Amino acid sequence: MSTTADPLAALAGLPGVADSVDSVRKAVDRVYGHRIMRRRSNEITSEAALRGARGSAALSGAEWALEEVRRRSDFSGDGEARTVGAALRLTAEAGQLLSIWRQSPLRVLARLHLVAAAEADEAAGRPRLAGESVDEPLIELPLPDADEVAGRLEGLSQLIIAGSSAPALVMGAVVHGELLSLRPFGSCNGLVARAAERIVLVGSGLDPKSICPAEAGHAEQGRAAYAAALDGYASGTPEGMAAWIAHCGKAVELGVRESTAVCEALQRGAA
């Protein structure tokens with residue numbers, strides 16, 4: 001990823017990206033305009049958080065039914081249970097870090113990893129060092145070395161702190177794609193990357209009540225499509241970058257569909 005002045009503005013001008021941005025904005029506006037949002041937005045937010053966490057966990061290999069995630073209270077068992085627990089903790093933590101993100105994104109990323117990894121990783125909360133391995137079996141991109149990771153993380157941090165005229169969808173997609181391509185931590189990189197995307201979308205004002213769970217939309221499109229779109233981001237080509245941004249846009253729209261269905265169910269008195 002380039003670190004020249006506002007490179008995201010150039011990405012926003014790629015073919016098809018403006019259409020994705022416009023489609024996402026209209027979808028988000030529709031769900032925010034739903035009549036149930038005036039009275040029960042907190043319930044929509046809570047349900048979106050649950051569905052988002054379930055989707056993020058699924059993309060990290062723990063494909064649990066929504067009702068199982070809702071029912072369980074102990075996530076200390078096997079690897080899948082720990083993954084679901086980590087996703088739930090990250091979803092809760094992300095909302096507490098919005099005010100810090102624009103000033104100190106690397107501090108936020110460290111906190112997210114600490115929350116996700118908990119006691120499972122002695123290196124929790126810091127980027128990996130030279131020679132340290134990464135446990136992220138579902139992502140098969142070449143792994144950058146520790147020096148490249150440090151440089152690109154610093155570039156990403158500077159980009160976030162400087163701000164951009166690009167739409168929130170573009171910023172969120174770049175943050176998500178860069179973190180997942182780098183895999184800066186020894187574990188839980190996918191969970192952290194998706195939580196960071198959520199922070200961007202909420203903090204930017206696109207989804208201030210956090211009711212559009214992009215993680216659920218990423219999961220609905222499937223791991224194969226997710227990996228293919230990420231390959232496009234990692235390629236650095238205009239076509240690949242545009243495809244990744246469009247994939248992220250579709251994820252937000254599918255998240256909107258989830259919350260719209262919840263709104264409709266609440267309106268009918270069925271939830």
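A residue counts as buried when its relative accessible area is under 20%, as exposed when over 50%, and as partly exposed in between, with a 1.4 Å probe and protein chains only. The model is predicted, so local features need pLDDT of at least 70 and side-chain atom pairs count only at pLDDT 80 or more, while totals for chains, interfaces and linings use all residues. Residues are numbered from 1 along each chain as its sequence is written, and side-chain values use heavy atoms, with hydrogens and water left out.

Thr91 has 15% relative accessibility and therefore counts as buried. This residue is found in helix H5 (residues 79-94); helices are DSSP runs of H or I with at least four residues, numbered from the N terminus. Leaving aside residues up to four places away in sequence, Thr91 touches Ala49, Ala53 and Arg198, where contact means heavy atoms within 4.5 Å.

Helix H5 also holds Leu88. At 22% relative accessibility, Leu88 counts as partly exposed. With the same exclusion of residues up to four places away in sequence, Leu88 touches Leu50, Ala53, Val69 and Phe75. Between Leu88 and Ala65 there are 14 Å in space, C-alpha to C-alpha, and 23 residues in sequence.

Just after H13, Gly269 takes a positive phi of about 80°.

H13 packs with helix H11 (residues 214-221) at an angle of about 110°, and the axes are 7 Å apart. Axes are lines fitted to C-alpha atoms, for helices over the stretch in contact, and angles run from 0 to 180 degrees between N-to-C directions. H11 and H13 are therefore roughly perpendicular to each other, a term for angles of 65 to 115 degrees. Among the residues making the contact are Ala214 and His218 of H11 and His247 and Leu254 of H13.

The structure holds three aromatic pairs; rings of Phe, Tyr and Trp (its six-membered ring) pair if their centres lie within 6.5 Å. In one, the rings of Tyr226 and Trp244 have centres 6.0 Å apart and planes at 50°, so the pair is tilted, that is, neither stacked (under 30 degrees) nor edge-to-face (over 60). Tyr226 lies in helix H12 (residues 223-235) and Trp244 in H13, so the pair ties together parts 18 residues apart in sequence. Both Tyr226 and Trp244 are buried. Together with Tyr233, they form one aromatic cluster.

Terms used. Helix = DSSP H or I, 4+ residues; strand = E, 2+ residues; numbered from the N terminus. Parallel < 35°, antiparallel > 145°, perpendicular 65-115°, else oblique.
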